[in-house]
Amino acid sequence: MHIDFPLILVLAVAITGALALLDRLWLARRRAKAVERYEQSVDTVDPRTRERLVKEPLAIEYAKSFFPVLAIVLVLRSFLVEPFQIPSGSMKPTLEVGDFILVNKFAYGIRLPVLNTKIISVDDPQRGEVMVFRYPNNPRINYIKRVIGMPGDHVVYADKQFYINGERIEQSMIERRSDDEIPLGHPLRAAAQVEIREEYLGDQDHRIRLKQLSPAADKQEWRVPEGHYFMVGDNRDNSNDSRYWSSPDIPEPLWGMVPDNYIVGKAFVVWMHWPSPKLSNLPSFSTVSRIN
C-alpha cells in the first residue's frame with residue numbers, strides 16, 4: 001500500500017492552519033464575549049466557570065500546537081531537503097541497501113508540493129549527477145538513478161558500455177570481488193564475481209558495478225527528447241532503469257525517459273546506514289559521505 005506522505009502533510013497543514021485561523025478570527029472572540037456576559041451577569045465570578053468559558057476546544061488546542069511544527073516540516077521537506085532511504089541495490093557500489101540519504105529539493109528548481117509544478121527555475125540536472133525522481137510507469141513511486149542522457153542526446157549501450165553522441169564513456173578497472181548478490185549455497189556463488197570500475201561521465205567520476213556472469217545485451221540506442229532525461233543505475237547488471245522501461249500508457253519515443261516535471265531533487269549526501277532487520281541492527285554513521 002502506497003502512502004502519499006506529501007499529500008497527507010499538505011492536508012494536515014491546511015486543516016490545522018484553518019482551525020487556528022478560525023479560532024483567531026471567530027472562536028476566540030466568541031469565548032471572550034461569553035466571559036464578558038458571564039462576568040456582567042453575576043456578582044461573584046466563579047474561577048472554574050470562567051476557566052471553562054475561556055478554555056479552547058481540544059481540536060483547536062491541538063491544531064494551534066501542531067500547525068507551526070507541521071508548517072516548518074512542510075517548508076523544509078518541500079523546498080529545501082528531504083530524507084530518503086535506499087531500498088534496493090540498483091545504485092551499488094555508490095549507495096548500499098539501508099543507506100539514508102538527503103536530497104536537495106531546490107537544486108533543480110523550486111516546485112510546489114504534491115503538484116510538483118516548478119515555480120522558480122534554479123538549475124538543470126547535469127550529466128553524472130545522482131537524482132531522485134518519480135518512476136514514469138508509476139509516479140507514486142520514487143526512484144534514484146544517475147543522469148546519463150541529457151535532452152537531445154543520442155545514447156547507445158553496447159557491450160556494457162555507454163556512448164553519448166558518438167563518444168565512448170571511458171572506464172578504468174578498480175578491482176574484482178565476489179558477487180554478494182548471489183545467495184549463499186547457490187552453485188555459482190564461488191565463481192560469481194563483479195568488476196568495480198571507475199567511470200568518467202562529463203565532469204563527474206564515479207564507480208559502477210558489472211557482473212562477470214551476466215551476458216552483454218544486444219546493442220540499444222535512444223534519442224532523449226527535450227525536457228527529458230535518461231537515467232541508469234550504477235549496478236549496471238541489476239538495475240531497473242531507462243534501458244528497460246516501457247508502458248502502453250506512454251508513447252514509445254518516451255519509453256525510458258524521465259520528464260522534467262517528475263524530478264524530485266539531487267541526492268547529495270549519505271547521512272546514515274541502517275540495514276534490515278532494523279530491530280537486530282544498530283544505525284551506523286561511519287559511512288557518512290558526499291554522493292559522487
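**Sheets, pocket and annotated helices**

Q: How many bridges join strand β11 to β12?
A: Strand β11 (residues 193-201) and β12 are joined by eight bridges, and the two run antiparallel. Strands (E, at least two residues) and helices (H or I, at least four) are DSSP runs, numbered from the N terminus. Two strands count as paired if DSSP finds at least two bridges between them.

Q: What should I know about the model and its numbering?
A: This is a predicted model, in which local features need pLDDT of at least 70 and side-chain atom pairs count only at pLDDT 80 or more, while totals for chains, interfaces and linings use all residues. Residues are numbered from 1 along each chain as its sequence is written, and side-chain values use heavy atoms, with hydrogens and water left out.

Q: Back to β12: which residue there does E195 stand opposite?
A: E195 faces L210 in β12.

Q: And what is the order of the strands in that sheet?
A: The order is β10-β11-β12, in an open sheet of three strands with antiparallel pairing. At its edges are β10 (171-178) and β12 (204-211), each of which pairs on one side only. From one strand to the next, the twist averages 25 degrees; such angles, from 0 to 180 degrees, are taken between N-to-C directions of lines fitted to C-alpha atoms.

Q: What about the open sheet of four strands: what order does it have?
A: Its order is β9-β8-β7-β13, with antiparallel pairing.

Q: How is β7 joined to β8?
A: Four bridges link β7 (residues 154-158) to β8 (residues 161-164), and the two strands run antiparallel. One of the pairs is A158 with Q161 in β8. The two strands form a hairpin with two residues between them, and D159 in the turn has a positive phi of about 55 degrees.

Q: What joins β8 to β9, then?
A: Two bridges join β8 to β9 (residues 167-168), again in antiparallel fashion. I164 stands opposite E167 in β9. This hairpin too has two residues between the strands, and N165 takes a positive phi near 50 degrees.

Q: How many bridges does β7 have to β13?
A: β7 and β13 run antiparallel and are joined by four bridges, and H154 stands opposite R223 in β13.

Q: New topic: what volume does the largest pocket have?
A: The volume is about 580 Å³, meaning the space filled by probe spheres set on the grid points, which are joined across faces, edges and corners. A pocket is an open set of points on a 1 Å grid over the protein atoms alone, where a 1.4 Å probe fits, with protein on both sides within 12 Å along at least five of seven lines; lining residues have an atom within 4 Å of a point.

Q: Which residues lie nearest its centre?
A: D4, P6, R77, R134 and N142 do, out of 22 lining residues. β6 gives the most to this lining, with four residues.

Q: Why does the pocket lie between the two domains?
A: Domain 1 (5-80) and domain 2 (87-290) both give residues to its lining, so the largest pocket lies between them. The domain bounds come from an automatic or database assignment.

Q: Which residues does UniProt list as "transmembrane region"?
A: The unreviewed UniProt entry lists residues 6-27 and 58-80; such annotations may be inferred rather than shown by experiment, and positions follow the numbering used here, with feature names shortened. In the model, residues 6-27 are 100% helix, with end C-alpha atoms 30 Å apart. Residues 58-80 are also 100% helix, and their end C-alpha atoms lie 33 Å apart.
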